[in-house]
Amino acid sequence: MGSLLSGCERGLSGDAEFATFPKNPDVFIDGFSSGLEYRPFAGSKFTAFTVDNQTKYAGSAAMRFDIPNVGDPNGAFAGAIFPDMGGRDLSGYDALTFWAKASQGATINEIGFGNDFGENKYLVTLNNMRIGTAWTQYTIPIPDPSKLTYEKGLFWYAEGPEGGNGYTIWIDEVKFEKLGTVAQPRPSILNGEDKTEQTFIGVSTTLTGLTQTFNLSSGQDVTVAAAPSYFTFSSTDVDVAQVNENGVVSIVGTGTATITAVLNGVKAKGSLTIESLGTFQNAPTPPARNAADVISVFSDAYTNIPVDFYNGYFAPFQTTLGGADLTINGDNLIQYTNLNFVATEFKNPTINVSSMTHLHVDIQIRESIDPGDFISIELGDFGANGAFGGGDDSSARVQFTSGSLSSNQWISLDIPLSSFVMASKANLAQIFFISDATISTILVDNMYFYK
Amino acid sequence: MKRANQSDASVLVVIAKRLVLSTFFALALSCTDDTQQVVTMGTLVMQDEFDTPGAPDPTIWNYDIGTGQNGWGNNELQYYTDRPKNVTVQNGYLIITADKESYNGSSYTSARLLTKGKFAQTYGRFEARMRLPWGQGLWPAFWMLGADIDSVTWPNCGEIDIMEYRGQDPTILVGSVHGPGYSGGNAISKSYELKNDRFDTGFHVFGIEWGPSYINYYVDDVLYNQITPADVPGTWVFNKPFFILINVAVGGNFVGAPTSETVFPQTMLIDYVRVYK
């Protein structure tokens, strides 16, 4: 009160400054810069990184990375982050630069900054960086420097063998710079495509393909993968779809909304238009059964067997996309698009359904049904050798023609296993859905055998 | 070629507003303002500030239309038009737009303005403040040709390239003269690299100061070259009137063709063109 009465109450002095972090641009010049640490990825070859005093671009030392051979007992790949956990203010720079060469021509899988083994909020990755045997300077631009007022992840990389063989990379003079020539920003979401997705209330989907492209003084464009937090996302109708700072789109109502993004004032190429069809009717919940009476491949009601995949992407004839990557109202679903045929495979181990009586599966066809449309369900048995081929495989299919199908509602099929006439059902490993492209988009749920 | 630098640039007579400096030496090194005045050539003879929206001032500017012979002698790929789509004045700028479109058999369109028959001058200070386009295959230029070109033909008429630039080298400016015995690939030429900046992200002043026995080349406050009769292996043909050209070419011998990565449309913004004597 005294100070108030005397009129001495103080506001923020003009001299007051917000706490700032070191602006040190150096990462590795001839050694670890102040605060820099080496933290290899779990599963990587921890000894892959050393400081090389013999081979260097300039000064007295370079970073050396010995990428392991395939089968190296010490780790299948090399990868690490180099953070300064105290944080640095990099907002005055526009790029990370370094000189690098390798013992052979190679393509480094991932290299960049912003990885701190934490939130990785401002992660930047240059994918598939080509490297040769001559020292070359590389520039990894910062998508929006104003974001990096407190950045811990100064440098990171991950690389595996090339064609099975290990090799060596040298990287030197790693530092952040204000080049002034990082220009013509062209951000993208969804890799620049305008996509439309039919979906339902309760579905969440994550925006992918987030990139920033700059033109460098060399005249070359460089495109980096940029974390969602570099972008500001917006929805044309927040009563239909909302998007958070991590690029996760949540469907909250019925109707149409378009998601777009801006990076540092530049509109990103690409958009996601949501066509929300409203409330989704989940497939009927399977009845309670004794564990011995059911072998479940895919359901939220029973314990599922180990499944290798829900889409084998069999080349060259398969067009089907999608798999078990959809969750609506907490219920996991399989969604296939561009369907011609697709297999769910479970060979580790195969299953014996000889004692079961039925296959149950719920299918929803997300399009109108034409007279020639059909869906066949095929079982594949790998025979006594438990592996594809070897002359002991058998299979059989049951077809459902258009008259027995309906669109946009669940079709619950309980197919007697006796309908599948095949040599063996003791080493079952595959369930196929086949439409020969007559039906393109389906949802699948509750795929199990029972008695 | 004589390599003039700032310390021997006694002919550099630019003075930045708001800067009071005691010597030319310090002036050339210290000035960071691209607004300039001329001391020895301070009489404004011609100017276009591009303040009237619409088509450029017809009392100053003509157009070259079409593809010329062999792409204007350089295998350039664009078709020049005078359509507003390719050339217009807006918001205080002359805007030349190079676009990728099928037009009269060409795959690109753009514009080339010239003062031929409307304005030509012997000697003086010629400058323009511009922001350049970018990307592989873009070739903007601010240049001059001898006004007697129709009678003596090129290169005898002489050519002064105040600014040429390759879109794939966004930091590098090229200034040249062409004349008899030193034309095309044998032009007397010098490039200047901008440090920590580019020509496509902001405006820069490109100019020459041309007298009876010299042509000085400068960008912003930097004199980067001087060409004199001693520097050319043929006749000095720069003692007669020249007219001005401004264009954005696409492709051609100097730059090569655009690639799929070249972004179109591309624009060149010209804030002003001024000529002093």
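## A salt bridge within chain B

The side chains of Asp148(B) and Lys240(B) come together in a salt bridge, with 2.9 Å from N to O. Asp148(B) lies in the loop between strand S11 (138–146) and helix H3 (149–152) of chain B, and Lys240(B) lies in the loop between strand S17 (222–227) and strand S18 (242–250) of chain B, so the pair ties together parts that are 92 residues apart in sequence. The model in which this pair is found is a predicted one.

The two partners fall on opposite sides of the 20% limit below which a residue is called buried. Asp148(B) is partly exposed, at a relative accessible area of 24%, whereas Lys240(B) is buried, at 16%. Elsewhere in chain B, a network of salt bridges links Arg83(B), Lys85(B), Asp99(B) and Glu101(B).

## Salt bridges within chain A

Over all chains, the structure holds 21 salt bridges. One of them joins the side chains of Asp72(A) and Lys45(A), at 2.9 Å from N to O. This pair links distant parts of the chain, 27 residues apart. Asp72(A) is in the loop between strand S4 (62–67) and S5 of chain A, while Lys45(A) is in the loop between strand S2 (39–40) and strand S3 (49–52) of chain A. Asp72(A) counts as buried, with a relative accessibility of 17%; Lys45(A) likewise counts as buried, at 17%.

Another salt bridge in chain A is formed by the side chains of Arg186(A) and Asp221(A), again with 2.9 Å from N to O. Here the linked parts of the chain are 35 residues apart. Arg186(A) is in the loop between strand S11 (167–177) and strand S12 (194–199) of chain A, and Asp221(A) is in strand S15 (residues 221–226) of chain A. Side chains of opposite charge can pair when their charged atoms come close.

## Domains of chain A

The domain assignment divides chain A into domain 1 (26–177), domain 2 (183–276) and domain 3 (291–450). The centres of domain 1 of chain A and domain 3 of chain A, taken over C-alpha atoms, are separated by 44 Å.

## Strand S10 and its partners

Strand S10 (residues 151–159) of chain A is mostly covered, with 8 of its 9 residues buried. S10(A) pairs with strand S5 (residues 78–88) of chain A in the antiparallel sense, over 7 bridges. Within this pairing, Glu151(A) in S10(A) is the bridge partner of Arg88(A).

S10(A) is also joined to strand S7 (residues 106–113) of chain A, by 3 bridges and in an antiparallel arrangement. Ala158(A) in S10(A) is the bridge partner of Glu110(A). Strands of a sheet pair through backbone hydrogen bonds, either parallel or antiparallel.

## A three-stranded open sheet

In chain A, 3 strands form an open sheet in the order S13-S18-S17, with antiparallel pairing. Strand S13 (204–206) and strand S17 (241–243) of chain A are the edge strands, each pairing on one side only. From one strand to the next, the twist averages 20°.

S17(A) is joined to strand S18 (residues 248–251) of chain A by 3 bridges, and the two strands run antiparallel. Which residue of S18(A) is the bridge partner of Ala241(A)? The partner is Ile251(A).

## The surroundings of Thr211(A)

Thr211(A) is located in strand S14 (residues 211–215) of chain A. With a relative accessible area of 13%, Thr211(A) is buried. When neighbours within four places in sequence are left aside, the residues in contact with Thr211(A) are Pro187(A), Ser188(A), Asn191(A), Thr223(A), Val224(A), Ala225(A), Ala226(A) and Phe231(A).

## The interface between chain A and chain B

At the interface, 13 residues of chain A are in contact with 11 residues of chain B. The area buried between chain A and chain B is about 910 Å², of which 47% comes from carbon and sulfur atoms. On the chain A side, Thr181(A), Gln184(A) and Ser217(A) lose the most area to chain B, and together they account for 39% of what that side buries.

How many salt bridges are counted between chain A and chain B? The count is 0.

Key
Residues are numbered from 1 along each chain as its sequence is written. Chains are lettered from A and ligands numbered from 1 in the order in which they are written. This is a predicted model: local features need pLDDT of at least 70, side-chain atom pairs count only at pLDDT 80 or more; totals for chains, interfaces and linings use all residues. Side-chain values use heavy atoms; hydrogens and water are left out. Two strands pair if DSSP finds at least two bridges between them. Helices (H or I, at least four residues) and strands (E, at least two) are DSSP runs, numbered from the N terminus. Axes are lines fitted to C-alpha atoms, for helices over the stretch in contact, and angles run from 0 to 180 degrees between N-to-C directions. Buried means under 20% relative accessible area, exposed over 50%, partly exposed in between (1.4 Å probe, protein chains only). Domain bounds come from an automatic or database domain assignment. Contact means heavy atoms within 4.5 Å. Buried area is the accessible area (1.4 Å probe) that two parts lose on being put together, summed over both. A salt bridge is a side-chain nitrogen of Lys or Arg within 4 Å of a carboxyl oxygen of Asp or Glu.
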